[in-house]
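Subject: Structure for your files

Hello,

The structure is pasted below, followed by notes on what was found in it. Please keep the two together.

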Amino acid sequence: MIQPTKWWIGLPVLAALFTIVATSDVEKIEKDLGDRVRAALDKSPGAIEGARVDVDGRDIRLSGVALAPAAVAEAVRSVELQEGVRSVADATTPPPLAKPFAFALERKGKTLALSGNAPAPGERVAIRDAAAGRGLELSDASVSALGAPKNYAALAAYGVALLDAIGDGRVTVSDASLSVAGAAVSFEGYDRAEAALKAPPEGVAVKAEIAPPRVSPFVWSAAKAGEIVSLFGYAPSETTREALFIEAASLGKASDQTRVAGGAPGDFAAAAGAALRELAKLSSGKASIADGVVSIEGSGKTNVGASAVEASLRAALPKSFGLGKVSVAAGAVSPFVFTARKQESGLALAGFAPDAATRARIAEQAKRDFGDAVEVDLAIADGAPKGFAEAASVALRALARLDAGVAALSDRKLALEGAAYTAKAQYDIRARLFRELPEGYENAARLGLATKDEIPPTRLYAALSETAARGLTFGADNSIAETSLPVVDALAYVLLRSPGAAVDIVGLFAGAGSNAENEAIGLHRAEAVRNYLIEAGVEAARLSASGAATVDESGRRIEFSIR
């Protein structure tokens, strides 16, 4: 049913529909106009940086940073010529003045990002070309500003070169100050960066924190040959490298073939310094570090041996380091000492011998002259003076003729102190030392006379037999052999401690001759002993000599009978 009087009820709905259609058309018109204006601006890339287009109906408002007034005017004109544009409002502003003028270059992989302040885009072409020339892609997020230094292009190219050398890193520039930080991936790149740091653009102050390439294992060594010291391997910093070279130079003429690298263990400088100080104790050798282990080998200087080097190095190493191989041949000993001490308990030898053969000969002589109660504590060492073995033999022969005493060799000086059995022995020992010591040797003999209690007659035979049991030997002329002088000295000492007793000295001999001949030889030997005892101070009246033949050679001996 039609009701003509209520037609007005539909008017609001029609108005709303009309508004929606009109608004939709305006939005389409503004979008189309904006797109065409932006396209026009794209044809003038050097005009407005960060261009913004605002459309209000057919009115256009342009904003952003005006890079060049003429270019902006041309851009505005091109916008005005766009169909449908009624007016254009130029709201662009000139670039701000940057104080300080600062920018950064940051490399990650093959991408080089530019941020901060930059001059006009046309002036950034040089940066893009420099990056491209080194295989890098430039990502430009910089903002144009006034106040760029005159050498901006040189600064930027210098920063690109540094990052090309080290790899990932960051260069920051603030006016005439440049900082670079990063970690070099190769020694070739590190060397290029170091060379570049020594030749920055004129007037630019450079601060660098470039870590060297890491190496593994981290090795270092110092080799010493006489007065020549050579350094090899790596050091964790230039400061440490220079300090170690200075310390090496204190040992002699130094050469340095080390280079700076990353990956050094613990307190490397302290460990390497300790190794150099121990190397100084060697005449030649090598100290080395492999990661956290320190080793040393070579030949010690005078009085330096492996145990001393090991103990000193172990005490000086930082806790993070361990001690590896220590192979140090003992150096020459100075003074070269040898001591023989005779006591009732036996003979004790101490000090050094130049070699094993000499030590064996000394020990053999000691047992022959002093019996089996010989303690040998002689270390093998270099540094023995010429004639040492002969001097030691002379010292032992002299000591054997003392009741007790000490013979001490120190290089070419022999000191003998003790108590001689008799005054004759006392005089004879001094004379023989003067005559028998090798040329260039000195001696100082402080000899007294042995003093002991008297021996009662009932003990005299046992005392003489016990002393003679050490053995008496004679030469081809039946004279007393030098090796038997300690025995006849001791026999004289026994007789002098038992005054008044008369003794018959019997020489027993067995040989190839007749009994009469053997008996004569025995008599000659007994007379040789009697004569020596008389010279030693025993009254001649107390002594008689006789000879006798014996059955076999094992019976050759000197016997005593108390009258």
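Strand S2 (residues 59-66) and S3 run parallel and are joined by four bridges. Helices (H or I, at least four residues) and strands (E, at least two) are DSSP runs, numbered from the N terminus; two strands pair if DSSP finds at least two bridges between them.

This is a predicted model, in which local features need pLDDT of at least 70 and side-chain atom pairs count only at pLDDT 80 or more, while totals for chains, interfaces and linings use all residues. Residues are numbered from 1 along each chain as its sequence is written, and side-chain values use heavy atoms, with hydrogens and water left out.

S2 and S3 belong to an open sheet of three strands with mixed pairing, in the order S1-S2-S3. Strand S1 (48-56) and strand S3 (87-90) are the edges, each pairing on one side only. On average, neighbouring strands are turned by 20° against each other, direction ignored. Helix H2 (residues 69-80) lies across S1, S2 and S3, at about 160° to S3. Axes here are lines fitted to C-alpha atoms, for helices over the stretch in contact, and angles run from 0 to 180 degrees between N-to-C directions; contact means heavy atoms within 4.5 Å.

There is also an open sheet of six strands, ordered S19-S18-S17-S20-S21-S22, again with mixed pairing. Strand S19 (374-380) and strand S22 (442-449) each have a single partner strand, so one side of each has no neighbour in the sheet. Seven bridges pair strand S18 (residues 346-353) with S19 in the parallel sense, and Leu347 stands opposite Val374 in S19. Helix H9 (residues 356-370) packs on the sheet against strand S17 (337-343), S18 and S19, its direction making about 165° with that of S19. Helix H11 (residues 423-436) touches strand S20 (402-410), strand S21 (413-420) and S22, at about 175° to S22.

Lastly, a helix pair. The axes of helix H12 (residues 457-468) and helix H13 (residues 485-496) come within 9 Å and cross at roughly 170°. H12 and H13 are therefore roughly antiparallel (an angle over 145 degrees). The contact involves Leu460, Ala463, Leu464, Thr467 and Ala468 of H12, and Val487, Ala490, Leu491, Val494 and Leu495 of H13. Nine of these residues are nonpolar, one is polar and none is charged (Ala, Val, Leu, Ile, Met, Phe, Trp, Tyr, Cys and Pro count as nonpolar, Asp, Glu, Lys and Arg as charged, and the others, Gly among them, as polar).

Regards

Key. Angles under 35 degrees count as roughly parallel, over 145 as roughly antiparallel, 65 to 115 as roughly perpendicular and the rest as oblique.
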